[in-house]
Amino acid sequence: MSKYQTINKMEKKNNPFKVPENYFEDFENRISPFVSKTKKRYFFTENKEVLRYAAMLVLLFAIGGIIYLTLPEGKNVPQTNIASNSLIDTIKQNLIPNVDVEKEVSLLDTEINTKTQQNKTQERKLDELKLNDEEIKYLEYYLQGDIHDYLTYNEIDL
Amino acid sequence: MTDKEIFELLSDQRTRERGFSALVKELKEKVYWQIRRMVLSHEDADDLLQDVFVKVYQNIENFNRDSNLSTWVYRIAFNHTLNFLKVQKRKSILKFSNLEDSMLENLKADNLFDSSEIEYKFQKALLVLPKKQRAVFNLRYYDELPFSDIARIMDVSESSLKSSYHFATKKIQESLLNDDNIKFEFIN
């Protein structure tokens with residue numbers, strides 16, 4: 001080593017790193033079969049239809065569930081008389097306080113209408129949340145944890 | 001073969017394998033050295049190089065021709081290498097060790113590295129730099145890429161790159177300042 005070496009010139013002439021013999025020549029042969037075998041598969045992007053149907057099914061279940069939970073209890077339970085009609089009338093007159101049935105029914109109707117309205121709003125919100133293809137792909141990368149790669153591959157600057 | 005020709009081959013399913021082969025042929029060495037200078041070890045560089053080309057192959061449909069194909073590949077290599085170093089750093093923290101120290105230790109024992117004192121000291125000085133600054137320095141100093149290309153690879157502005165390179169050279173000079181055997185002459 002001479003007394004003074006200029007790093008700039010020295011580095012340009014001598015790369016301090018070496019590679020094994022024929023490394024670059026062999027690299028191509030090593031990578032080719034590996035690449036042809038590996039084809040990245042995306043469940044979500046390749047099964048968009050399935051995903052759509054699944055989402056619709058989930059939505060229907062959700063709406064069904066909401067309706068079921070908000071319906072007044074026992075509305076559809078068939079009534080069975082366990083006493084004669086005259087006895088029932090007597091009991092009704094004596095035990096049940098005077099109730100304005102029409103008012104109660106209209107209140108119940110209003111409540112049902114409000115709930116149905118709320119369900120529709122919720123449904124609309126869910127519709128707005130439906131992702132397009134690009135968003136599904138973005139989400140997929142995000143869930144895989146390589147969002148930075150996604151941005152690189154798609155040349156998106158933040 | 002030009003970037004455009006390679007891309008055309010890659011875009012067509014029937015010629016994709018041929019295009020990929022041409023791409024590997026064209027860029028393997030440049031990308032390898034870009035990675036090797038960051039990770040120092042040949043084994044790691046080899047693994048990363050394979051990963052990079054596999055990623056390129058798998059994501060070629062996402063390349064939207066905003067930049068050159070080669071710049072896009074360099075960019076993937078750059079990100080992949082930084083991610084690798086990030087993981088290595090985390091691992092070394094868990095082992096209560098210092099990544100840069102262990103890299104230097106491995107370098108000393110590496111028979112694929114010119115073990116002269118001056119080269120070793122230079123690599124040691126380079127390891128003082130933050131990862132991104134080291135990458136800027138390598139791309140400019142070794143590969144002599146114009147700042148505009150480096151800016152596209154690293155997705156930063158040219159002016160910040162220039163100052164980053166300036167600081168990098170300054171830091172290297174400072175770390176080697178006490179060594180009488182070394183004189184500096186950096187390109188700007």
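This is a predicted model: local features need pLDDT of at least 70, side-chain atom pairs count only at pLDDT 80 or more; totals for chains, interfaces and linings use all residues.
Which residues form one aromatic cluster?

1. The aromatic cluster consists of A:Tyr23, A:Phe24, A:Phe27, B:Phe20, B:Tyr32, B:Trp33, B:Phe53 and B:Tyr57. Over all chains, the count of aromatic pairs comes to 18.

2. One of these pairs joins B:Phe20 and B:Phe53, whose ring centres are 6.2 Å apart and whose planes stand at 85 degrees, so the pair is edge-to-face. B:Phe20 belongs to helix H2 of chain B and B:Phe53 to helix H3 (residues 42–58) of chain B, so the pair ties together parts 33 residues apart in sequence. B:Phe20 counts as buried at 3% relative accessibility, and B:Phe53 counts as buried at 0%.

3. B:Phe137 and B:Tyr141 form a stacked aromatic pair, with 4.8 Å from centre to centre and 20 degrees between the planes. These two residues are 4 residues apart in helix H7 of chain B, which means that about one helical turn separates them. Both B:Phe137 and B:Tyr141 are buried.

4. A ring also takes part in a contact with a charge: the charged end of B:Arg140 sits over the ring of B:Phe147, 4.5 Å from its centre.

5. The whole structure contains 1 cavity of 30 Å³ or more, and the largest cavity holds about 70 Å³ of space. Residues lining the largest cavity include B:Gln34, B:Met38, B:Phe78, B:Asn138 and B:Asp143. Helix H2 (16–39), helix H4 (69–94) and helix H7 (131–141) of chain B each give two or more residues to this lining, which divides into 6 nonpolar, 3 polar and 1 charged.

6. B:Thr71 lies in helix H4 of chain B and counts as buried at 7% relative accessibility. Leaving aside residues up to four places away in sequence, B:Thr71 touches B:Asp149, B:Arg152 and B:Ile153.

Definitions and conventions
Residues are numbered from 1 along each chain as its sequence is written. Chains are lettered from A and ligands numbered from 1 in the order in which they are written. Side-chain values use heavy atoms; hydrogens and water are left out. On a 1 Å grid over the protein atoms alone, a cavity is a set of points where a 1.4 Å probe fits but cannot get out, and a pocket is an open set with protein on both sides within 12 Å along at least five of seven lines; lining residues have an atom within 4 Å of a point. Grid points are joined across faces, edges and corners, and a volume is the space filled by probe spheres set on the points. Ala, Val, Leu, Ile, Met, Phe, Trp, Tyr, Cys and Pro count as nonpolar, Asp, Glu, Lys and Arg as charged, and the others, Gly among them, as polar. Buried means under 20% relative accessible area, exposed over 50%, partly exposed in between (1.4 Å probe, protein chains only). Contact means heavy atoms within 4.5 Å. Rings of Phe, Tyr and Trp (its six-membered ring) pair if their centres lie within 6.5 Å; planes under 30 degrees apart count as stacked, over 60 as edge-to-face and the rest as tilted. A charge sits over a ring if NZ of Lys or CZ of Arg is within 6 Å of the ring centre and within 35 degrees of the ring normal.
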